[in-house]
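Have a look at the model first.

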Amino acid sequence: MKIHSTNYFDTFIEVAEDTKADSGTKPPTKEKKTVAEMQYEMIAKNPYKFSSDDVFFQVFADRKDLTKSEYKQAREQFFSKGQPCFRASPLTKTYGFGVHSNNSGKVALFGMETDEYQKFLANAEIKKVKAMKSSR
């Protein structure tokens, strides 16, 4: 079975060109946690601890109420199909965050208003990709 990873390495995902955000904004808390809120909490509390694949699978597992014993098979199944990456995440499209993947593929969030965000844009050694636009 082919595995389709969402991981990037030494890459910075910039906010979408058509974002309405002017700074990195924590997704609002709702009664049932949104994908954006779950992704945000996982990465903001643990910068460079998880890969993109780890984040997307954990959000999927939490939303499906999977038990730890179901993870291995469910993860193989989950990545047997292509999955949207952080270029399609509400964090990069709506909430004004750039996502940096280090050389190990571990991710961290940077608000578009921060000095760190600007340093990633200026760093020629890091590959840069833009988040997908919300509208065509």
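Start at L91, which touches P27, A36, Q39, Y40, F86, G96, F97 and L109 (contact means heavy atoms within 4.5 Å), leaving aside residues up to four places away in sequence. This is a predicted model, where local features need pLDDT of at least 70, side-chain atom pairs count only at pLDDT 80 or more, and totals for chains, interfaces and linings use all residues. Numbering runs from 1 along each chain as its sequence is written, and side-chain values use heavy atoms, with hydrogens and water left out.

L91 is also one of the residues that touch the most other members of the largest nonpolar core, along with I13, F57, F86 and L109; that core has 25 residues. A nonpolar core here is a set of buried Ala, Val, Leu, Ile, Met, Phe, Trp, Tyr and Cys residues joined through side-chain atoms within 4.5 Å, with buried meaning under 20% relative accessible area (1.4 Å probe, protein chains only).

Helices (H or I, at least four residues) and strands (E, at least two) are DSSP runs, numbered from the N terminus. Another core, of seven residues, lies apart and includes F12, V15, F110 and F120.

Now the sheet: it is open and mixed, with four strands in the order β3-β2-β1-β4. Strands pair if DSSP finds at least two bridges between them; β1 (residues 11–14) and β4 run parallel over four bridges.

Note on methods: Buried means under 20% relative accessible area, exposed over 50%, partly exposed in between (1.4 Å probe, protein chains only).
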